[in-house]
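Dear colleague,

Please find below the structure that I am handing over to you, with its sequence. My notes on what was found in it follow directly after.

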Amino acid sequence: MQTFGNVKIIAANDAAAWQALARSFPVITRFNPLLGFFQSDGGGYRFNPTANVWLVAEHAGTVDAARQRAAREMSILIALMFATAKKPGHFLKSGADPVNRVLQISDIAADGTNTVQFGSIVELLPPLLHDLHFDAAILTDVDAWFRKRASTPSKAGRASVAASFYHHGLMADDLERFVHLFVVMDALFGIPYQVGQKIKEGALAVFSGDIAWEDRATKLYNLRNAIVHGDISALQDWAGRDAYYSLFKAKPENDVITLATTSLLRFFDIP
């Protein structure tokens, strides 16, 4: 079991971790994490597909509020795992449905029982073409990011919002993905009435003074403006697309992934 902020990653075969959960939520003994099956009096409920690991979060509040808080925290963790893995294929999706199911358990009631609900949470994982493999080195880097967030409260809010929008980018496609990923830059560096300038300065800091990335960020900001101000409704319609590729030998939709990913990961290291 590993903990990132308020979210735990528990392997399906980690018997000790599931037993520890059961001490606070006895009804969890009805859940078989290896099969993704919860045994109920009326039969049972099976998660499909099942998983080798499960995300677990604990929150106080109403059913909806607890679910929303858990969803946001899980989304941030997933965003950091994808960003740290740095595999472009993570943005390639299949036609399957996203993963969005949840098992929600209440505190122990006066009669010693827990209430159990099955339902939907936000779409947490995109339907990918390939299985995900996050090794120990990736999880170590993710843990380091969460530790920096905890020790840098002045930056924590911006970083959390940016990670949330990075997750939105994972779930979206094409133009919507570009917008969400560019909002990552806005969340990290933007200041009212100075958004473009501050994003350019942020990119320069993130890429250690590489003026080429300062120039890329400026042009990507121009593309962002063309989208949000109603000039275009498709990335291919941007008037500066050919010139961008000619100059940088890259597509803007790929560069915005690199820009958002690198900025999110290096944000706490910028003075």
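In this predicted model, the axes of helix 2 and helix 4 (residues 153-171) come within 8 Å of each other and cross at roughly 75 degrees. Angles from 65 to 115 degrees count as roughly perpendicular, and helix 2 therefore stands roughly perpendicular to helix 4. On the side of helix 2, the residues that meet helix 4 are Arg72, Ser75, Ile76, Ile78, Ala79, Leu80, Phe82 and Ala83. Their counterparts in helix 4 are Ser160, Val161, Ala163, Ser164, Tyr166, His167 and Leu170.

The largest nonpolar core has 65 residues, of which Leu80, Trp145, Tyr166 and Leu259 touch the most other members. Helix 2 (residues 63-85) supplies the largest share of this core, with 12 residues. What does Trp145 touch, when residues up to four places away in sequence are not counted? Its contacts are Ile76, Leu80, Ala159, Ala163, Leu264, Leu265 and Phe268. Another core, of 13 residues, lies apart from the largest one, and among its members are Ile10, Ala17, Val27 and Phe38.

Helix 9 (residues 252-266) also deserves a description. Its 15 residues reach 21 Å from the first C-alpha to the last, close to the 21 Å expected at 1.5 Å a residue. Helix 9 is mostly covered, as 12 of its 15 residues are buried. Among these buried residues are Leu259, Leu264 and Leu265; Leu259 is also one of the residues that touch the most other members of the largest core, while Leu264 and Leu265 are both touched by Trp145.

An open sheet of 3 strands has the order 1-2-6, and its pairing is antiparallel. Strand 1 (2-4) and strand 6 (53-57) are at the edges with a single partner strand each, so one side of each has no neighbour in the sheet. From one strand to the next, the twist averages 25 degrees. Strand 1 pairs with strand 2 (residues 7-11) in the antiparallel sense over 3 bridges, and Phe4 stands opposite Val7 in strand 2. Helix 1 (residues 15-24) packs on the sheet and touches strand 2 and strand 6. The direction of helix 1 makes about 130 degrees with that of strand 2.

With kind regards

How values were computed:
Residues numbered from 1 in each chain as written. Predicted model: local features only at pLDDT ≥ 70, side-chain atom pairs only at ≥ 80, totals over all residues. Heavy atoms only, no water. Helix = DSSP H or I, 4+ residues; strand = E, 2+ residues; numbered from the N terminus. Expected span 1.5 Å × (residues − 1). Buried < 20%, exposed > 50% of the residue type's maximum accessible area, 1.4 Å probe, protein only. Pairing = 2+ DSSP bridges. Axes fitted to C-alpha atoms, helices over the stretch in contact; angles between N-to-C directions. Contact = heavy atoms within 4.5 Å. Core = buried A, V, L, I, M, F, W, Y, C linked by side-chain atoms within 4.5 Å. Parallel < 35°, antiparallel > 145°, perpendicular 65-115°, else oblique.
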